[in-house]
Amino acid sequence: MRDALEQIKNTAIEKLEACGDLKALDELKVKYLGKKGELTAILKQMGKLSPEERPVIGQLANEVRAKIEEEVSRRIAQLKEKQLAAQLAAEKIDVTMPGKKFDIGKKHPLTIVMDEIKEIFLGMGFDVVSGPEVELDYYNFEALNLPKDHPARDTQDTFYITENTLLRTQTSPVQIRTMEKRKPPIRIISPGRVYRSDALDATHSPVFHQIEGLVVDKGVTMSDLKGTLEMFIKGLYGEDSKIRFRPHHFPFTEPSAEIDVMCFNCHGEGCRLCKGEGWIEVLGAGMVHPKVLLNCGIDPEEYSGFAFGVGLERVVMRRFGIDDIRMFFENDMRFLEQF
Amino acid sequence: MNLSMKWLSDYVDIDVNPREYAEALTMSGSKVEGYEIEGSEISNVVVGKVLSIEKHPDADKLVVCQVDVGKEAPVQIVTGATNVVVGALVPVCLDGALLPGGKKIKKGKLRGMVSEGMLCSLSELGLTVNDFPYAIEDGIFLIEEDCRIGQDIQSAIGLNDTSVEFEITSNRPDCLSVIGLARETAATYDVPLKLHTPVVKGSGDGDDIKNYLKVAVEAADLCPRYTAKIVKDVKIGPSPLWMRERLRASGVRPINNLVDITNYVMLEYGQPMHAFDLRYVAGREIVVRRAKNGETMMTLDGIDRTFTDDMLIISDAEKPVAVAGVMGGEYSGIMDDTTTVVFESANFMGSSVRKTAKKLGMRTDASARYEKGISALSTMECVERACELVEMLGAGTVVDGVIDVDHSDKEPGRVKLEVEWINRFLGIDLTREEMVKTLTSLGFTMDGDMILVPYYRIDIEHKADIAEEIARIYGYNNIPTTAPTGTARGVVTPRQKFERSINETMLSLGCYEIMTYSFISPKYYDNILLPADSELRNSVTITNPLGEDTSIMRTTTIPSMMEIVSRNYNNRNPYLWAYEIGMEYRPAEGQELPDENPMLTIGLYGNGADFYTLKGMTEMLFDRIGVEDLDIVPCSDNPTFHPGRCAVLSKDGKPVGILGEISPRVCQNYDVGTKVYVAKLSVDVLYELADSEKSYCPLPKYPATSRDLSLICDDELPIIQIEKAIKGAVGKILERVELFDVYKGAQVEKDKKSVSYSIVMRSDQGTLTDEEADGAVKRVLKALDKIGVTLRQ
């Protein structure tokens with residue numbers, strides 16, 4: 001019996017080794033290890049053995065079974081691996097072929113930057129407020145310290161609807177409306193469309209966008225204005241932006257300033273982009289004129305504030321290198337796809 | 001305002017290069033736009049003296065000159081000019097000379113004769129006969145200035161000034177003058193300002209202005225002060241080089257001594273002046289009055305002007321002779337034979353000048369100054385200065401006496417100096433002394449705690465104005481930067497979040513965001529076939545539009561979308577999927593301002609878009625923003641849309657919007673040869689309907705059961721009715737009902753269609769039995785039978 005067992009073991013291993021596919025392997029497994037298999041057949045003869053021999057042969061038989069089982073598992077794993085390798089080889093594709101297209105729309109470039117600006121100000125505690133585009137002369141001009149005959153009105157060529165209504169030339173009327181409604185502390189930005197009767201060309205559009213801001217509280221100072229705008233400009237143009245505050249005049253602020261950023265192109269040397277000045281004007285700002293606060297029922301002895309405004313189109317044109325403002329409103333797909 | 005640096009040096013001593021000067025003045029509040037160094041384009045051109053002129057041996061039209069240019073030997077120059085004479089001083093371009101426009105002159109040979117340079121004309125130096133009235137236009141510039149041989153041409157003829165161009169803000173008319181800018185310069189550099197008081201000798205012959213002129217100011221409200229002087233024995237001629245130089249550097253063309261004097265004084269003081277020829281002042285009487293309606297006069301520019309009764313004019317005893325503060329009349333101006341002159345130095349109300357100039361469509365250096373506001377205090381000094389210059393130039397005899405009709409208020413403005421407030425307001429820490437020093441340098445004076453505002457600073461009335469004066473001289477960039485104190489939280493409102501989610505959804509559905517103009521042409525309503533009696537044709541109208549195309553505010557966004565569709569189609573873009581949230585502007589009864597309604601407009605063509613693409617998009621959007629169960633009704637009477645492919649959406653009778661295929665007739669109007677799909681939805685109404693509250697519903701415990709039904713019905717029957725019937729019949733256990741096939745054709749009767757549904761049912765009480773599911777199907781079939789829908793056999 002010992003010999004028979006040895007023989008079964010050896011032939012089984014031999015055959016398993018030679019076997020080429022999983023199905024044949026399964027058959028071999030049944031042949032040797034199954035209920036009607038060769039090993040079982042031999043074990044059935046155990047009864048004929050002497051009591052001394054029985055445990056010895058029994059142990060041997062178990063060893064043989066274990067060995068065959070191990071071989072079977074090993075071969076199965078081996079063959080499966082081989083099969084998988086073949087499959088993987090067969091499944092090879094050209095990964096350089098283009099991927100499937102999904103249609104996802106894109107934001108308008110003006111919105112991309114507008115959203116960025118809103119985010120920056122939201123982070124600084126500003127609310128976003130809007131107001132009407134067809135506006136009363138009072139809110140657009142008079143309440144902002146620009147009475148009817150004020151010469152500064154000439155610099156904002158206005159579209160009029162009637163004597164008293166017009167298309168707003170700035171988003172500042174939203175500030176007046178807000179101050180009329182809310183008590184300080186006020187911290188808002190008012191983004192939106194504004195209108196000026198500039199003929200359409202590569203750098204002028206009769207419709208464009210502004211973002212204006214307003215802060216009113218007790219003890220607001222000009223150094224707060226500087227700090228806030230510096231934070232904004234660094235948020236928009238990067239931490240290493242260089243800024244200067246230059247005196248200017250707006251009827252609704254006093255003192256007034258224009259804020260320049262050092263030209264990104266020439267770093268202050270003067271080039272075509274900055275028209276040789278080395279600086280690019282990006283913002284107008286100032287301390288809210290006491291008369292404007294009074295017009296809104298806010299006591300300028302108790303409160304002070306600052307306001308600022310930035311034109312969106314020029315910022316976006318510089319950001320993306322767009323040289324024609326008309327592209328924004330032509331909405332050609334070949335343009336829109338680029339952002 | 002162009003400032004001559006030579007002129008400036010009469011008033012302040014500074015030694016800086018133009019670039020530094022521009023930077024410093026810009027940062028103290030007078031923005032410099034640029035500067036031009038005169039003669040900087042010229043080099044190696046010197047004054048030469050013509051020693052001899054000989055005929056060119058081989059050319060009839062050329063001469064050979066020997067010219068002394070201050071070197072050991074004269075240079076030989078060949079020229080074709082005919083006005084050169086021996087002994088004349090001429091500009092000589094030496095070998096390698098540069099002229100304006102980048103022209104380079106080299107030594108060469110002309111018909112065999114060596115020419116070591118070139119003699120040049122005024123225009124070759126970038127000048128005109130206005131700059132040198134004694135010279136001729138076509139020919140060599142024969143210099144009559146006091147200069148020496150070999151001298152650089154720039155210094156010899158005064159072409160070495162620097163002109164600085166300032167952009168003066170509307171609140172600082174005082175800076176539209178040399179003295180105003182000199183004061184700013186003095187304050188900026190902390191150097192003294194050297195002011196000059198005009199001194200007039202006068203005729204001293206017993207003659208008096210009363211013998212010449214009477215002045216009556218009838219409209220004192222528009223003319224607070226009118227000051228006049230008379231100059232007799234006038235000799236009209238060119239003004240001296242220094243004056244012409246300064247005018248040129250200031251951008252003003254020299255004309256003759258008298259006119260140049262009025263311009264010179266205006267540039268120096270900012271006070272416009274006018275000169276009348278007394279011969280043409282009828283009745284020797286000047287009346288300052290409002291014009292009569294329809295009165296006419298030809299202005300100096302040769303244009304006939306008609307006046308209205310709100311315009312202020314200067315008239316003589318009979319007729320207008322000038323538009324006050326704007327321009328003089330053609331026939332009363334200075335001429336070559338003028339002998340007696342009236343100098344006018346007057347103060348007119350800015351708003352009146354502004355209105356008149358605007359109405360007449362003219363804007364002059366004078367009106368630009370008046371309209372910003374000028375103090376009445378400067379008229380006397382300016383007329384004196386003009387007379388001083390007359391005497392200095394020997395241009396005439398100043399008659400003694402002055403006429404000064406003065407109704408002006410001379411009380412200076414007073415503002416209290418509040419040192420602490422200013423420091424707090426600006427966020428700085430200056431002493432009272434430092435503030436007073438700054439204010440004094442700008443011409444303010446102190447009366448105890450009160451600041452007295454100098455007369456020329458019409459812009460100062462509040463302590464905030466004083467703060468600005470302190471801040472700009474201190475330097476804005478020296479003010480520290482701080483963050484505002486107090487906490488604040490930026491809040492995004494629910495409405496803003498709602499619009500954000502519309503935007504996000506539209507982008508994820510494959511639509512590109514666009515932006516269109518809010519104004520359109522009334523013709524655009526015709527393009528979309530809007531009925532002639534539609535109330536949408538009642539638009540907000542711009543009274544002064546740029547053109548018809550942008551003359552009204554749109555009451556519908558559809559034409560704007562169609563413009564973009566058309567542009568893309570005609571630019572051969574294969575597809576456009578676009579959306580915009582944009583306003584519609586609708587006039588509202590009893591309101592001064594129109595209603596502004598934000599609309600979501602979607603436009604599609606190409607890329608497989610059809611009606612159901614558009615509808616699917618809106619359904620996805622409604623799902624995303626939480627809008628449910630809108631009523632959808634076919635619409636066949638909106639001429640903008642295809643009558644069989646359009647639907648209106650509403651909820652409980654409230655209109656939400658419209659969607660459909662654009663009528664081919666409309667597409668034709670836009671030159672679009674493909675099918676276009678447009679939806680327009682009211683953002684406000686969607687916001688009202690939206691329910692953004694989401695709550696968790698436990699995942700189902702029991703399996704679902706589904707039944708598929710193939711049905712036959714009339715082709716005309718709207719699908720929505722079948723769905724409604726199924727929903728009603730299945731009841732609570734219905735999870736969803738899905739249409740998976742619609743078939744029309746050979747396999748079904750004519751005018752019929754086959755529709756196939758999958759009905760998915762589930763109970764949260766237990767697994768549904770076959771009986772329960774089949775029972776539901778039975779109920780469905782019974783309900784469908786009532787609307788003529790049967791099971792397909």
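This is a predicted model: local features need pLDDT of at least 70, side-chain atom pairs count only at pLDDT 80 or more; totals for chains, interfaces and linings use all residues.

Analyst: Residues are numbered from 1 along each chain as its sequence is written, while chains are lettered from A and ligands numbered from 1 in the order in which they are written.

User: How far apart do the C-alpha centres of domain 1 and domain 4 of chain B lie?

Analyst: Domain bounds come from an automatic or database domain assignment. For chain B, domain 1 is 2–38 + 162–189 and domain 4 is 414–478. Their C-alpha centres are separated by 21 Å.

User: Which helix gives the largest share of the side of domain 1 of chain B that touches domain 4 of chain B?

Analyst: Two residues are in contact if their C-beta atoms, placed from the backbone, lie within 7 Å. By that rule, ten residues of domain 1 of chain B meet nine residues of domain 4 of chain B. Helices (H or I, at least four residues) and strands (E, at least two) are DSSP runs, numbered from the N terminus. The largest share of the domain 1 side, four residues, comes from residues 178–189 of chain B, helix H4.

User: Which helix of chain B gives the largest share of the side that touches chain A?

Analyst: The contact involves 74 residues of chain B and 68 residues of chain A. On the chain B side, the largest share is six residues, from residues 463–474, helix H12.

User: At about what angle to E7(A) does H12(B) run?

Analyst: Chain A has an open sheet of seven strands with mixed pairing, in the order E1-E4-E5-E9-E8-E7-E6; two strands pair if DSSP finds at least two bridges between them. H12(B) packs on this sheet and touches E6, E7 and E8 of chain A. Axes are lines fitted to C-alpha atoms, for helices over the stretch in contact, and angles run from 0 to 180 degrees between N-to-C directions. Relative to E7(A), the direction of H12(B) makes about 35°.

User: How many residues of H6(B) are buried?

Analyst: A residue is buried if 20 or more other C-beta atoms lie within 10 Å of its own, exposed if 12 or fewer, and partly exposed in between, with C-beta atoms placed from the backbone. The buried residues of H6(B) pack against H4, H5, E14, E21, H8 and H9 of chain B. Of the 13 residues in H6(B), the number buried is twelve.

User: Why does B:Phe444 count as buried?

Analyst: B:Phe444 lies in the loop between helix H11 (432–441) and strand E25 (445–447) of chain B. Leaving out residues up to four places away in sequence, B:Phe444 touches B:Leu439, B:Ile451, B:Leu452, B:Val453 and B:Pro454. B:Phe444 counts as buried because its C-beta neighbours inside 10 Å number 22.
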